[in-house]
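Please open the structure in a viewer and keep the selection tool at hand.

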Amino acid sequence: MATPVEITGCSLVGGESLRGGGATFSGMNPATAAALPPVYSSATARDVDRAAELADEAFQLYGWTAGAKRASFLRAIAAGIEDLGAALVDRAGLETGLPAGRIQSERSRTCPQLRLFA
């Protein structure tokens with residue numbers, strides 16, 4: 001069984017959990033105009049620079065990985081998306097206003113595409 005995913009308002013970049021130092025905001029349910037937790041922080045120029053540095057470091061490592069390892073990575077992403085189960089469908093519905101069937105359809109299209117690329 002998948003571990004529940006907590007939405008924290010942080011970004012994961014280069015293995016670091018980053019929270020911007022700028023103004024805060026929340027997502028909004030388009031059907032009700034209600035704010036959705038958590039609170040996010042805008043990125044400052046320094047935050048963007050740090051994220052770019054971490055992304056460059058990750059690219060330098062990833063760029064030298066074997067094709068089989070990249071394929072495994074893509075399969076793991078697909079499995080992770082599927083493991084989110086109803087939590088993904090529910091949250092995406094809150095954020096987009098799309099019906100559950102549409103979100104499930106998008107997931108059913110995306111995961112096989114990731115495996116095809118693998």
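**The whole chain**

Begin with the entire protein chain displayed as a cartoon, bearing in mind that this is a predicted model. The secondary structure comprises 4 helices and 4 strands. Followed along the sequence, these elements are arranged in the pattern β-β-β-β-α-α-α-α. The protein chain has 118 residues, of which 16% count as buried. Among the contacts in the protein chain with a separation of 6 or more, 49% are between residues 24 or more positions apart.

**The loop between E2 and E3**

Select alanine 23, which lies in the loop between strand E2 (16–18) and strand E3. Is this residue buried or exposed? Alanine 23 has a relative accessible area of 53%, and is therefore exposed, the cut-off being over 50%.

Alanine 23 and serine 42 are 19 residues apart in sequence, while their C-alpha atoms are 5.3 Å apart in space. When residues up to four places away in sequence are not counted, alanine 23 touches Tyr40, Ser41 and Ser42.

**The loop between E3 and E4**

Move on to asparagine 29, which is found in the loop between E3 and E4. Its relative accessible area is 9%, so asparagine 29 is buried. Display the side chain: the side chain of asparagine 29 reaches the backbone nitrogen of alanine 31 at 2.7 Å. Which residues is asparagine 29 in contact with, leaving aside its neighbours within four places in sequence? They are Ala34, Leu36 and Leu94.

Now select alanine 33, located in the loop between strand E3 (24–28) and E4. Most residues other than glycine have a negative phi. Alanine 33, although it is not a glycine, has a positive phi of about 65°. With a relative accessible area of 53%, alanine 33 is exposed.

**A cis peptide bond and an arginine**

Select proline 37 and proline 38 together and show the backbone atoms. Most peptide bonds are trans. The bond that joins proline 37 and proline 38 is a cis peptide bond, with omega at about 5°. Proline 38 lies in strand E4 (residues 35–41).

The side chain of arginine 91 reaches the backbone oxygen of proline 37 at 2.8 Å. Arginine 91 has a relative accessible area of 16%, so this residue is buried.

**Helices H3 and H4**

Two packed helices are described by the angle between their axes and the distance between the axes. Select helix H3 (residues 85–96) and helix H4 (residues 100–117), which pack at an angle of about 120° with their axes 9 Å apart. The two helices, H3 and H4, are therefore oblique to each other. Their crossing, that of H3 and H4, is right-handed.

Show the side chains at the contact. On H3 the contact is made by Gly85, Leu88, Val89, Ala92, Gly93 and Thr96, and on H4 by Ala100, Ile103, Gln104 and Arg107. By class, the residues of the contact of H3 with H4 are 5 nonpolar, 4 polar and 1 charged.

**Helices H2 and H4**

Leave H4 displayed and select helix H2 (residues 67–83), which packs with H4 at an angle of about 165°, the axes being 8 Å apart. This angle makes H2 roughly antiparallel to H4, since angles over 145 degrees count as such. The crossing of H2 and H4 is left-handed.

The contact involves Leu74, Arg75, Ile77, Ala78, Ala79, Ile81 and Glu82 of H2, together with Arg107, Thr110, Cys111, Leu114, Arg115 and Phe117 of H4. The residues of the contact of H2 with H4 divide into 8 nonpolar, 1 polar and 4 charged.

**Threonine 110**

For the last stop, select threonine 110 in helix H4. A polar atom of the threonine 110 side chain lies 2.8 Å from the backbone oxygen of glutamate 106.

Terms used: Residues numbered from 1 in each chain as written. Predicted model: local features only at pLDDT ≥ 70, side-chain atom pairs only at ≥ 80, totals over all residues. Heavy atoms only, no water. Axes fitted to C-alpha atoms, helices over the stretch in contact; angles between N-to-C directions. Parallel < 35°, antiparallel > 145°, perpendicular 65-115°, else oblique. Left-handed = near helix turned anticlockwise from the far one by under 90°. Contact = heavy atoms within 4.5 Å. Nonpolar A, V, L, I, M, F, W, Y, C, P; charged D, E, K, R; others polar. Buried < 20%, exposed > 50% of the residue type's maximum accessible area, 1.4 Å probe, protein only. Polar contact = N/O pair within 3.5 Å; in protein donor to acceptor, adjacent residues only side chain to side chain.
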